[in-house]
Amino acid sequence: MASVDLKAVSEPQLEALLEAWGEPAYRARQILAWVHKRGVRSVDEMTNLSKTLRSRLSAEAQLSTLRIEKCEFAQDGTRKYAFKTGRGDVIESVFIPDASAPGRNSLCVSSQVGCAIDCQFCLTASLGLIRNLSAGEIVEQVIRVDEDLAAAGRPERVNNIVMMGMGEPLANYGALIPALRLINSEALGPGISTRRITVSTSGLAPKIPRLGQDVPVQLAISLNATTDDVRDRIMPINKTYPIEVLLEACRAFPLPSRRRITFEYVLLDGINDSDADARRLPKLLKGLRCKVNLIPFNEHPYVPFARPPISRVQRFQRKLMSAGLSAFVRTPRGEDISAACGQLGVEVDAPKRVLRVVG
Ligand code: SAH
């Protein structure tokens, strides 16, 4: 008999299974809460279930959990966690206590092991796509980090989620949506408001309006260029969904009032940081309720791009602002432990890294 994965099963599926076993449907919610809210590691810990049900579940369902393989602490309070999944792969999550907004503790969550999108400046890309995470594996990153903070005697808990870790969230849509719903659920999961959940995408345009309809999360777009020519080169996904198609999808995103779309723009020296780029960007984004996060490129010996000088970053920001855009410079966090944007995924477990040639 095919065994059911408690980290991936949906509530209706679990209800159906339990009914077939002669159990009441409400047991499904009890089980899901044990898994995604309490983060139990075995069925035996589900103490409000009968012994009979527990032993049947132990025999016929699987529950594999994440194990902290390594946790690194940066000077600025950032913690980078490497988790080993039940299937033996490694994923990373980054806990970022926010200095500029005290009380906001973000977790940068992974959606896939590796990534298929192949952005030329991103280190995770060099892994390729290994596999999609299940909904439960996405949610569990939050639970395990909270658990670890508690064990360390820290008072803070994760209260802001950014889907900006390894992977392209919209390429794992089937697990992403249930994961976001669980993260948002008070009863079944960590209970974090959708206002405090941001999904960042490299630009899988057709999924963007749907995302907003399925779960009203904050949207972030990794734009990173102002011409298709440059974007084609640094983000090959642009050949499938060019800038205009992507922005059209953003316009179709159901944006709740008083919210804005975030456009992330990694500044790469001599590639996308010219005055002409700074002039084109406000024109492209005209009519969109949005802000721009400028991310000075985080350098890595394996990635052949450089960070522009700070004067250029500031000049770029000033130009956007004088054209009426809100533009922020994102201070890199956890750089000393390779936890900053685009640095996840290759340190642990003997890199399968191949040096890619950027054309
Ligand atoms: N795949 C999703 C989620 C990852 S978010 C996405 O692309 O949006 C990671 C963010 O970090 C993206 O905005 C990406 O453009 C940025 N990034 C990747 N590599 C980087 C690097 N080396 N330095 C700075 N930012 C980087």
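Which residues in H10 meet which residues in H11? In this predicted model, the H10 side of the contact consists of Asp275, Asp277, Ala278, Leu281 and Pro282. Facing them in H11 are Arg312, Arg315, Phe316, Lys319 and Leu320. Sorted by class, these residues are 5 nonpolar, no polar and 5 charged.

Now look at the geometry. Two packed helices are described by the angle between their axes and the distance between the axes. Helix H10 spans residues 275-284, and helix H11 spans residues 310-322. Their axes lie 9 Å apart, at an angle of about 30 degrees. Angles under 35 degrees count as roughly parallel, so H10 and H11 are roughly parallel to each other. Their crossing is right-handed.

Next, go to helix H5 (residues 173-184) and helix H6 (residues 207-214). Here the angle is about 25 degrees, and the axes are 11 Å apart. H5 and H6 are therefore roughly parallel to each other. H5 passes H6 in a right-handed crossing. From H5, the contact takes in Tyr173, Leu176, Ile177, Leu180 and Arg181. H6 contributes Lys207, Arg210, Leu211 and Asp214. The class count for H5 with H6 is 5 nonpolar, no polar and 4 charged residues.

Helix H1 covers residues 11-20, and helix H2 covers residues 27-38. Their axes come within 8 Å and cross at roughly 125 degrees. That angle makes H1 oblique to H2. The crossing of H1 and H2 is right-handed. In H1, the residues in contact are Glu11, Leu14, Glu15 and Leu18. They meet Arg27, Ala28, Arg29, Ile31 and Leu32 in H2. By class, the contact of H1 with H2 holds 5 nonpolar, no polar and 4 charged residues.

Finally, turn to the ligand. Which residues around the ligand come nearest? Of the 20 residues around it, they are Ser200, Ser222, Phe297, Asn298 and Gly342. Threonine 201 uses its backbone instead. There, an N or O atom of the threonine 201 backbone lies 3.3 Å from a ligand oxygen atom.

Notes
Residues are numbered from 1 along each chain as its sequence is written. This is a predicted model: local features need pLDDT of at least 70, side-chain atom pairs count only at pLDDT 80 or more; totals for chains, interfaces and linings use all residues. Side-chain values use heavy atoms; hydrogens and water are left out. Axes are lines fitted to C-alpha atoms, for helices over the stretch in contact, and angles run from 0 to 180 degrees between N-to-C directions. Helices (H or I, at least four residues) and strands (E, at least two) are DSSP runs, numbered from the N terminus. Angles under 35 degrees count as roughly parallel, over 145 as roughly antiparallel, 65 to 115 as roughly perpendicular and the rest as oblique. A crossing is left-handed if the near helix is turned anticlockwise from the far one by less than a right angle, and right-handed if clockwise. Contact means heavy atoms within 4.5 Å. Ala, Val, Leu, Ile, Met, Phe, Trp, Tyr, Cys and Pro count as nonpolar, Asp, Glu, Lys and Arg as charged, and the others, Gly among them, as polar. A residue is near a molecule or strand if one of its heavy atoms lies within 4 Å of it. A polar contact is a pair of N or O atoms within 3.5 Å; within protein, one must be able to donate a hydrogen and the other to accept it, and residues adjacent in sequence count only if both atoms are side-chain atoms.
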